[in-house]
Amino acid sequence: MAEEIEQRKLVLVARKPCFGLPTACPSCLPVYVYLRLAKASFDLRFNLVHPDSDQIPYVEYGEYVAYNNEKGGVIESLKEDGVVDLDSGHPSYDAAEWWAIVRSWLTDAAMYELWIGSDGSSAHKMYFSDLPWPIGKILHYKQARLVKQLLGITKVNVEQKEAEIYRRASLAYVALSNKLGEQNYFLENRPRSFDAILLGHTLFTLHALPEASTLRTKLLEHSNLVRYTENFKTEFLEAGSSSSIPRSPHEPSSSFTPKRGTPPNWGTKPKSKPKREKTEEEKTFKRRAKYFVATQLIAILVFLSLLGGSDEADLDVDDDDGMNYDD
């Protein structure tokens, strides 16, 4: 299979680019980095329709598909199936402790910052900015609640949990900084799948989180980790992005950034047609349409208020059972 795939390109389906990154999604970035480190030829396409899907990212080639929520993730599937294997000839257990640090302590810290410990602007831009406002709000609320449950955060222990999350992240950065030293890569000074996972995290933390982010501040304390990240960004994302990743015919290129105030493909203003007097039926239809939209908005607001009341009731029940998941 590996020889057949080398002759044609893979397709990585990820979430959209922003913050100067080809994709800002913390789940998608490691897969993108992995393929770049492996010098694999692939197309990058974006899925804007399902922001809450746990199948994204995924890699496809003909009938072959490696999903994020199967077989330990996309990278593990690509390695196991012999499609793209950066670790060929090198046992994975030699980096097991480092994998555990990144996939537990640092992943938890990034989730906390993105969904709970910040103003939510980064998450909105990454996942929900292309959706209608009410739908984006509901999905954001749902995901924040899920993250609180995954991290075991309640209204009773929120301060202790936050302190623990940041303490572990600090310890992880210290250990990783000491391990990296002045090398270009972590293991045997050659790119491995572990580098893809870590670079995905550090790129996300440095560029997608707000400047006031606690996690970002802790990472900036380690100059060699910052250098390690920026070296990759310069070599793979800035210098060769336009030539290495062909532009999809259906989606904007990851390296394409329209100038502010100039919408792409808008050369000149279309000529305005002469106005005509609206008929009484058109006026009535427009008026009813406005009432319909207003009614739908009120219904959504009522739904959100009822949802909030339902959550409070759930919390009371959880308190009795000793399981206190607070929003």
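What follows is a chat in questions and answers.

Modeller: First, the ground rules: this is a predicted model, where local features need pLDDT of at least 70, side-chain atom pairs count only at pLDDT 80 or more, and totals for chains, interfaces and linings use all residues. Residues are numbered from 1 along each chain as its sequence is written, and side-chain values use heavy atoms, with hydrogens and water left out.

Biologist: How many helices and strands are there in the protein?

Modeller: Helices (H or I, at least four residues) and strands (E, at least two) are DSSP runs, numbered from the N terminus. On that basis the protein has 12 helices and four strands.

Biologist: How many salt bridges does the count come to?

Modeller: Side chains of opposite charge can pair when their charged atoms come close. The rule here asks for a side-chain nitrogen of Lys or Arg within 4 Å of a carboxyl oxygen of Asp or Glu. By this rule, the count is eight.

Biologist: Which residues are linked with Asp87 in a network of salt bridges?

Modeller: Asp87 pairs with Lys79, with the closest N and O atoms 2.8 Å apart. Asp87 also forms a salt bridge with Arg192, at 3.1 Å between the closest N and O atoms. Put together, the network links Asp87 with Glu76, Lys79 and Arg192.

Biologist: How many residues apart in sequence are the parts that Asp87 and Arg192 tie together?

Modeller: Asp87 forms a salt bridge with Arg192. Asp87 sits in the loop between helix H3 (74–80) and helix H4 (96–115), and Arg192 in the loop between helix H7 (158–180) and helix H8 (193–207), so the pair ties together parts whose separation in sequence is 105 residues.

Biologist: Is Arg192 buried or exposed?

Modeller: Buried means under 20% relative accessible area, exposed over 50%, and partly exposed in between (1.4 Å probe, protein chains only). Arg192 has a relative accessible area of 2%, so it counts as buried.

Biologist: And Glu238, which meets Lys233 in a salt bridge: what is the relative accessible area of Glu238?

Modeller: Those two side chains meet at 2.8 Å, N to O. Lys233 counts as buried at 10% relative accessibility. Glu238 is partly exposed, with a relative accessible area of 47%.

Biologist: Are H4 and H8 roughly parallel or roughly antiparallel to each other?

Modeller: Axes are lines fitted to C-alpha atoms, for helices over the stretch in contact, and angles run from 0 to 180 degrees between N-to-C directions. The axes of H4 and H8 come within 11 Å and cross at roughly 20 degrees. Angles under 35 degrees count as roughly parallel, over 145 as roughly antiparallel, 65 to 115 as roughly perpendicular and the rest as oblique. That is why H4 and H8 are roughly parallel.

Biologist: Which residues is Phe19 in contact with, leaving aside its neighbours within four places in sequence?

Modeller: Phe19 lies in the loop between strand S1 (10–14) and helix H2 (28–37), and has a positive phi of about 60 degrees although it is not a glycine. Contact means heavy atoms within 4.5 Å. With those neighbours set aside, the partners of Phe19 are Ala24, Ser122, Lys125, Met126, His207 and Ala208.

Biologist: Where is the cis peptide bond that has an omega of about 10 degrees?

Modeller: Most residues other than glycine have a negative phi, and most peptide bonds are trans. Pro57 is placed in the loop between strand S2 (42–46) and strand S3 (58–61). The cis bond joins Ile56 and Pro57.
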